[in-house]
Amino acid sequence: MLGSVETGGAIYRSGAQVGDEIWVTGTLGDAYAGLRVLQEEREEREAWEEKLIQHYLQPVPRVREALWLRSTGFIHSMIDLSDGLSSDLGHICQESRVGVRVEAAALPLSEETRRLAARRGEDPLEYALHGGEDFELCFTASPGTIGPLVAQFRTRFALPLSRIGEVGPAAEPVLIKAGQEVPLTPQGYDHFRKKRD
């Protein structure tokens, strides 16, 4: 990896603060959905399936978006979602020594990903949480600071910003699903495994 950043300009995984809101850019699970389409090895595909495949084969790193978000001065921590939300958010927890509560219903899912998961009889939430390779951004910021910027962000980058949870004291990450709290166990890509399960 090559690159540079001005002194004091980097945003680390270690900056999340108790009380922060957790936000993500774009939609989650599309790249994994694209991989699932390819694994089906069907001869003919519809336009919506090709769109998912492109998310997998040609991901777009959110560099411009990250720079703009940094320029607001509100961002405490940030990571790109290459390993999957459950794993990458776990990196923020570990480095910042905090816990998180994520709202399952708040995770942004595209209609294409929902459609594919329904066809396969699978839960699109699993794609969003553990699929990885979306290269969207996950970041934390003080309450009330990002909400007013959502419309401006969408206009500038043609992407949504979604608030998906909050940062709490050091504890195991939690997923709130259908009103129930369950552990948010990292199940994304692990660089230290010899092969992916």
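**Glutamate 21 and its setting**

Tutor: In this predicted model, the protein chain contains 7 helices and 7 strands. Along the sequence these elements are arranged as β-α-α-α-β-α-β-α-α-β-α-β-β-β. The radius of gyration is 17 Å, close to the 16 Å that the globule rule gives for 197 residues, so the chain is as compact as a globular protein of that length. Taken along the principal axes, the box filled by the C-alpha atoms is roughly 50 × 35 × 35 Å.

Within this chain, glutamate 21 belongs to strand 1, which covers residues 21-25. Glutamate 21 has a relative accessible area of 11%; because buried means under 20%, glutamate 21 counts as buried. Buried residues account for 45% of the 197 residues in the chain.

The surroundings of glutamate 21 can be described next. Leaving aside residues up to four places away in sequence, glutamate 21 touches Phe139, Thr140, Ala141, Ser142, Pro143 and Gly144, as well as Arg163, Gly165 and Glu166. With glycine 144 there is a further detail: its backbone nitrogen lies 3.4 Å from a polar atom of the glutamate 21 side chain.

For the chain as a whole, 81% of the contacts between residues at least 6 apart in sequence join residues at least 24 apart. As for charge, the chain has 22 positive and 30 negative charges, and their mean positions are 1 Å apart.

Conventions
Residues are numbered from 1 along each chain as its sequence is written. This is a predicted model: local features need pLDDT of at least 70, side-chain atom pairs count only at pLDDT 80 or more; totals for chains, interfaces and linings use all residues. Side-chain values use heavy atoms; hydrogens and water are left out. Helices (H or I, at least four residues) and strands (E, at least two) are DSSP runs, numbered from the N terminus. Buried means under 20% relative accessible area, exposed over 50%, partly exposed in between (1.4 Å probe, protein chains only). A polar contact is a pair of N or O atoms within 3.5 Å; within protein, one must be able to donate a hydrogen and the other to accept it, and residues adjacent in sequence count only if both atoms are side-chain atoms. Contact means heavy atoms within 4.5 Å. The radius of gyration is taken over C-alpha atoms; the globule rule is 2.2 Å times the number of residues to the power 0.38. Lys and Arg count as positive and Asp and Glu as negative; His and the chain ends are not counted. The place of a charge is taken as NZ of Lys, CZ of Arg, CG of Asp or CD of Glu.
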